[in-house]
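Subject: Structure handover

Hello,

Here is the structure I said I would send. My notes on what was found in it follow below.

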Amino acid sequence: MITLQYAERNAQVAEIEDRLQGLSLAFESKSVSEAGDLQLVDGTKQVQGLAKIQAHLDELSQELHQWYYCNC
C-alpha cells in the first residue's frame, strides 16, 4: 500500500490524493508532524517533494497503461 505523509494538509496533498485515486491505487494519507516535505512511501521506495512524487506517479501510470493494454 502507498502512504502519503504530510505535515499540513494543503492543495498539493489534495492534488496527489486525486492522482492516486485516478490511478485506482490503494493508499492512505497521514499527517506526520515531523514531515517537512510531502513524502510518498511505496513499499520500500520513499519519494520526497511534489515534483519527484509526480514523476513517480507518471512511472506508475505508464506501467498500469502497459499492463492494461498488453498484447500478450
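Which side chain does aspartate 58 meet in a salt bridge? The partner is arginine 19, at 2.3 Å from N to O. A salt bridge here is a side-chain nitrogen of Lys or Arg within 4 Å of a carboxyl oxygen of Asp or Glu. This pair links distant parts of the chain, since aspartate 58 sits in helix α2 and arginine 19 in helix α1, 39 residues apart. Aspartate 58 is partly exposed because its relative accessibility is 40%, and arginine 19 is also partly exposed, at 23%. The cut-offs are under 20% relative accessible area for buried, over 50% for exposed, and partly exposed in between, with a 1.4 Å probe and protein chains only.

Before the rest, some caveats. This is a predicted model, in which local features need pLDDT of at least 70 and side-chain atom pairs count only at pLDDT 80 or more, while totals for chains, interfaces and linings use all residues. Residues are numbered from 1 along each chain as its sequence is written, and side-chain values use heavy atoms, with hydrogens and water left out.

Overall layout

The chain has two helices and four strands, which follow one another from the N terminus as β-α-β-β-β-α. Helices (H or I, at least four residues) and strands (E, at least two) are DSSP runs, numbered from the N terminus. The C-alpha trace spans about 45 × 25 × 20 Å along its principal axes. Of the 72 residues in the chain, 32% are buried. Among contacts with a separation of 6 or more, 61% are between residues 24 or more positions apart; contact means heavy atoms within 4.5 Å.

The sheet

The four strands form an open sheet with mixed pairing, in the order β2-β1-β3-β4. Two strands count as paired if DSSP finds at least two bridges between them. β2 (27-31) and β4 are the edge strands; each has a single partner strand, so one side of each is left without a neighbour in the sheet. On average, neighbouring strands are turned by 20 degrees against each other, direction ignored. Axes are lines fitted to C-alpha atoms, for helices over the stretch in contact, and angles run from 0 to 180 degrees between N-to-C directions.

β1 and β2 run parallel and are joined by five bridges. Glutamine 5 stands opposite lysine 30 in β2, and threonine 3 stands opposite glutamate 28 in β2. The path from β1 through α1 to β2 is a right-handed β-α-β crossover. Right-handed means that, with the strands pointing away from the viewer, the path from the first strand over the helix to the second runs clockwise. α1 lies across β1, β2 and β3, and runs at about 170 degrees to β1.

β3 (residues 39-42) and β4 (residues 45-48) are antiparallel, with four bridges between them. Glutamine 39 faces glutamine 48 in β4. Two residues lie between the strands of this hairpin, where glycine 43 takes a positive phi near 65 degrees.

The core

The largest nonpolar core has 13 residues, and those touching the most other members are Leu4, Ile16, Leu20, Leu38, Leu40, Ile53 and Leu57. β1 (2-6), α1 (11-22) and α2 (50-68) each supply at least two residues of this core. A nonpolar core is a set of buried Ala, Val, Leu, Ile, Met, Phe, Trp, Tyr and Cys residues joined through side-chain atoms within 4.5 Å. Neighbours within four places in sequence aside, leucine 57 contacts Ile16, Arg19, Leu20, Leu23 and Leu40.

The other salt bridge, and a loop residue

The structure holds two salt bridges. Glutamate 17 lies in helix α1 and counts as buried because its relative accessibility is 11%, whereas arginine 9 is partly exposed at 48%. Not counting residues up to four places away in sequence, glutamate 17 touches Leu4, Arg9, Phe27 and Ser29.

Valine 32 is in the loop between β2 and β3 and is buried, at 15% relative accessibility. Leaving aside neighbours within four places in sequence, valine 32 is in contact with Gln5, Tyr6 and Ala7.

Regards
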